[in-house]
Amino acid sequence: MVRIDSIFLAAYIKDERVIPGVVSVLNTDADWWIRISAIDILVKFRPPKLMQTLQKYHDDSDLKWSIISAYGELKEAAALDYLKNCLKDPLITVRLASVRALAKFDLPQTWALVDDIATHERNWLLRTEAQQLLEDAGKLKEMKAIKTELDQKNIIAELMAEGICMDDNNLNMGIAAPSEAVSAEELSQELSPEIREQLREKME
């Protein structure tokens with residue numbers, strides 16, 4: 001731990017001699033927060049081979065979110081394919097991070113992706129995030145209302161990501177098979193009045 005503390009101290013005082021040590025932290029069994037902090041430090045220094053270093057950890061679940069965020073800061077064209085693929089990730093947090101990173105590139109092609117999500121995405125978390133990014137950039141067009149469909153397999157995780165706690169009393173998992181997509185209206189009937197109201201606000 002002394003070595004790690006020394007690395008982070010050196011990073012704080014902006015000593016570039018720390019870069020090899022920080023890179024080595026990524027390939028250790030250090031706690032996840034230490035490893036993602038190492039990525040943050042590397043982004044600040046931006047060493048020449050940073051992209052190659054990060055690419056080695058594309059499949060590391062502990063680092064994926066941080067790598068996506070780093071690519072948004074670096075704005076390297078070589079990262080675009082990876083970010084596009086991450087839009088299909090099962091985790092909503094990864095998909096949200098990917099949309100935000102793509103917006104930071106501020107390129108016609110990346111805004112086109114964000115616009116497509118804002119217009120056609122059925123997941124209300126992603127759609128709302130994309131619309132907000134477009135609005136903040138002054139690029140928001142008039143959006144058509146689209147029917148939101150929620151997969152029961154993911155609904156609880158997505159609501160929890162928004163700070164809405166769910167339990168068996170709030171959601172009846174028996175109203176449809178896990179693989180079936182159900183409309184928001186159908187699903188909302190199975191929720192408590194309080195949760196139903198919060199969900200309705202998200203859908204609007």
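Guide: Helices are DSSP runs of H or I with at least four residues, and they are numbered from the N terminus. The model discussed here is predicted. In that numbering, Gln132 is found in helix H9.

Visitor: Is Gln132 buried, partly exposed or exposed?

Guide: Partly exposed residues lie between the limits for buried, under 20% relative accessible area, and exposed, over 50%. Gln132 has a relative accessible area of 37%, so the class of Gln132 is partly exposed.

Visitor: What pattern do the helices and strands follow along the sequence?

Guide: The protein has 12 helices and 2 strands. Read in sequence order, these elements give the pattern α-α-α-α-α-α-α-α-α-β-α-β-α-α.

Visitor: What percentage of the 204 residues is buried?

Guide: A residue counts as buried when its relative accessible area is under 20%. Of the 204 residues in the protein, the buried share is 45%.

Visitor: Is Trp111 buried or exposed?

Guide: Trp111 is found in helix H8, which covers residues 108-120. Its relative accessible area is 10%, and the limit for the buried class is under 20%. Trp111 is therefore buried.

Visitor: Which helix supplies the largest share of the lining of the second largest pocket?

Guide: About 170 Å³ of space lies in this second largest pocket. Helix H3 (32-45), helix H5 (64-74) and helix H7 (92-105) each supply at least two residues of its lining. The largest share, 3 residues, comes from H5.

Visitor: How many residues of that lining are charged?

Guide: The lining includes Trp32, Ile36, Asp62, Lys64, Trp65 and Asp89. By class, the lining residues comprise 5 nonpolar and 3 polar ones, and the number of charged ones is 3.

Visitor: How many residues apart in sequence are the parts that Arg35 and Asp60 tie together?

Guide: Arg35 forms a salt bridge with Asp60, with the closest N and O atoms 2.7 Å apart. Arg35 lies in helix H3, whereas Asp60 lies in the loop between helix H4 (50-55) and H5, so the pair ties together parts whose distance in sequence is 25 residues.

Visitor: Which helix holds Glu129, the partner of Arg100?

Guide: The side chains of Arg100 and Glu129 meet in a salt bridge, at 3.0 Å from N to O. Arg100 lies in helix H7 and its partner in another helix, so the pair ties together parts that are 29 residues apart in sequence. The helix of Glu129, residues 124-136, is H9.

Visitor: How many salt bridges does the structure hold?

Guide: One of them joins the side chains of Arg17 and Asp15, at 2.7 Å from N to O. Arg17 is exposed, with a relative accessible area of 72%. The number of salt bridges in the structure is 5.

Visitor: What accessible area do Leu9, Tyr12 and Ile13 have together?

Guide: Ile13 is found in the loop between helix H1 (2-12) and helix H2 (19-26). Ile13 is exposed, with a relative accessible area of 55%. With Leu9 and Tyr12, Ile13 forms a nonpolar patch on the surface, and the accessible area of the three together is about 400 Å².

Technical notes. Residues numbered from 1 in each chain as written. Predicted model: local features only at pLDDT ≥ 70, side-chain atom pairs only at ≥ 80, totals over all residues. Heavy atoms only, no water. Patch = residues over 30% accessible without salt bridge, like charges linked within 9 Å, V, L, I, M, F, W, Y side chains within 5 Å. Areas by Shrake-Rupley, 256 points an atom, 1.4 Å probe, with all protein chains shown as cover. Salt bridge = Lys/Arg side-chain N within 4 Å of Asp/Glu carboxyl O. Buried < 20%, exposed > 50% of the residue type's maximum accessible area, 1.4 Å probe, protein only. 1 Å grid on protein atoms, 1.4 Å probe; cavity = no way out; pocket = protein on both sides within 12 Å on 5 of 7 lines; lining within 4 Å. Points joined across faces, edges and corners; volume = space filled by probe spheres on them. Nonpolar A, V, L, I, M, F, W, Y, C, P; charged D, E, K, R; others polar.
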